[in-house]
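Work through the exercises below with the model open. Each task is followed by a stepwise solution.

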Amino acid sequence: MLYKLENVKRVHGDRTVLNISELEISPHKIYTLIGPNGAGKTSLLKILSFLDKPSSGKMFFADEAVNFSEKHLYDFRRQVVLLDQNPIMFTGSVRSNIEFGLKVRKMPPAARNERVEEMLALVGMEIFADYDAQSLSGGETKRVALARALALQPHVLLCDEPTANVDNENQEIILQIISKINKVHNSSVIFSTHYLSQGQKLADHTLLLQNGVLSDLTNENIFRGTVIHHSDETFSCQLTGQLALNLPSAGLPAEAQILRLHIDPDGVVFRQQDTDVGKGNSVAGHIVELSQDKGWVRVSVDVGVTMVLRMSMKEYHKQLPALGKKADLFIPHSSVAWSQADKPM
């Protein structure tokens, strides 16, 4: 096992930014780390790169327990490199930036020059070797920073939003480089991204972070509702000021007022023309988040509350949901479970 985390927390002041009960990452694979801003992606990458330490919990690297003392971290840090979201170019040429870490590690000049040429070719920046590194575009800067990181031949490459704020051409080049170093050099790669399509192209596994916690889809779509109408056949449950669901009343006590609803994300679907609307609820909203999890696509839709549905990759390519796009959902009665909730959740 490359990494193993047990009950790892990272606390800043009175705020818990990471709370991971268990995480295992296998070697020689590509992992994408997905989640909204503030989910804890950067915090996790800093801990995995040994540049920050957990407030509590245990961490193992290559099956060895990590002691977060500077002396103990030295060997670990030589095996792992983190590419920052906004890399800084040092004063001087592109070439001097790439060879910086090699000089620090006292690599002989001849071997150093050979390594720099190899890295320039890998990222397609040969003609930029003598350019002022601080005059590069955003995409070019990221490619040079990637070359600078890879020149150290790390066992693990961690990338924080490597394609953010760059044009499509440079995005594709960066993704191709990541794929190549994984396949050719057998390097382990973990990179964060907001783009679902990048995870589809590259990742062996996807990790979804929400509020510092790894997402468990079985805990999605849990709501508190108020019974606002009750007849022998059906009852209405108000989830928000704008959303009420009509459900079969079988088994609902006459005195029930507050319910806890769980809506199965595997049962929620995009409404088709032939959907039998008599056996469920149709709701409308717009898509606010897309992510990938173990070969499935997770779609979050704002329908007054955030409703999550999960779809296969085949269905995703058929439907092509997009951020901001209007979405009509169908929630079958069979996908809704309820229980009485006397106290706020």
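**Exercise 1. Which side chain meets Arg-10 in a salt bridge, and where do the two residues lie?**

Step 1. In this predicted model, the side chains of Arg-10 and Asp-52 meet in a salt bridge, 2.9 Å from N to O.
Step 2. Arg-10 is in strand β1, and Asp-52 is in the loop between α1 (41–48) and β4 (56–61).
Step 3. Check the separation. The two are 42 residues apart, and the pair links distant parts of the chain.
Step 4. Check the cover. Arg-10 and Asp-52 are both buried.

**Exercise 2. Find the salt bridge between Lys-4 and Glu-24, and say what it ties together.**

Step 1. The N to O distance in this salt bridge is 3.9 Å. The cut-off is 4 Å, so the pair counts.
Step 2. Lys-4 belongs to strand β1 (residues 3–12) and Glu-24 to strand β2 (residues 15–25), so the bridge ties together parts 20 residues apart in sequence.
Step 3. Classify Lys-4. Its relative accessibility is 26%, so Lys-4 is partly exposed.
Step 4. Classify Glu-24. Its relative accessibility is 36%, so Glu-24 is partly exposed as well.
Step 5. Widen the view. Lys-4, Glu-6 and Glu-24 are linked in a network of salt bridges.

**Exercise 3. How is α5 oriented against α3 and against α6?**

Step 1. Start with α3 and helix α5 (residues 138–150). Their axes come within 7 Å and cross at roughly 30°.
Step 2. Angles under 35 degrees count as roughly parallel. α3 and α5 are therefore roughly parallel to each other.
Step 3. Assign the hand. The crossing of α3 and α5 is right-handed.
Step 4. Move to helix α6 (residues 168–185). α5 and α6 pack at an angle of about 15°, their axes 9 Å apart. That makes α5 roughly parallel to α6.
Step 5. Assign the hand again. α5 passes α6 in a left-handed crossing.

**Exercise 4. How many residues of α1 are buried, and which are they?**

Step 1. Six of the eight residues of α1 are buried, and the helix is mostly covered.
Step 2. List the buried residues: Lys-41, Ser-43, Leu-44, Leu-45, Ile-47 and Leu-48.

**Exercise 5. Which residues make the nonpolar surface patch, and where is Phe-90 found?**

Step 1. Phe-90, Phe-100 and Val-104 make a nonpolar surface patch of about 280 Å².
Step 2. Phe-90 sits in the loop between β6 (80–83) and α3 (94–104).
Step 3. Phe-90 has 34% relative accessibility, so Phe-90 counts as partly exposed.
Step 4. Gln-85 is also in the loop between β6 and α3. At 28% relative accessibility, Gln-85 counts as partly exposed.
Step 5. Gln-85 and Ser-137 are 52 residues apart in sequence and 15 Å apart in space, C-alpha to C-alpha.

Methods: Residues are numbered from 1 along each chain as its sequence is written. This is a predicted model: local features need pLDDT of at least 70, side-chain atom pairs count only at pLDDT 80 or more; totals for chains, interfaces and linings use all residues. Side-chain values use heavy atoms; hydrogens and water are left out. Patches are made of residues with over 30% relative accessible area and no salt bridge: like charges are joined within 9 Å, nonpolar side chains (Val, Leu, Ile, Met, Phe, Trp, Tyr) within 5 Å. Accessible areas come from the Shrake-Rupley method with a 1.4 Å probe; for residues, only the protein chains shown count as cover. Helices (H or I, at least four residues) and strands (E, at least two) are DSSP runs, numbered from the N terminus. Buried means under 20% relative accessible area, exposed over 50%, partly exposed in between (1.4 Å probe, protein chains only). Axes are lines fitted to C-alpha atoms, for helices over the stretch in contact, and angles run from 0 to 180 degrees between N-to-C directions. Angles under 35 degrees count as roughly parallel, over 145 as roughly antiparallel, 65 to 115 as roughly perpendicular and the rest as oblique. A crossing is left-handed if the near helix is turned anticlockwise from the far one by less than a right angle, and right-handed if clockwise.
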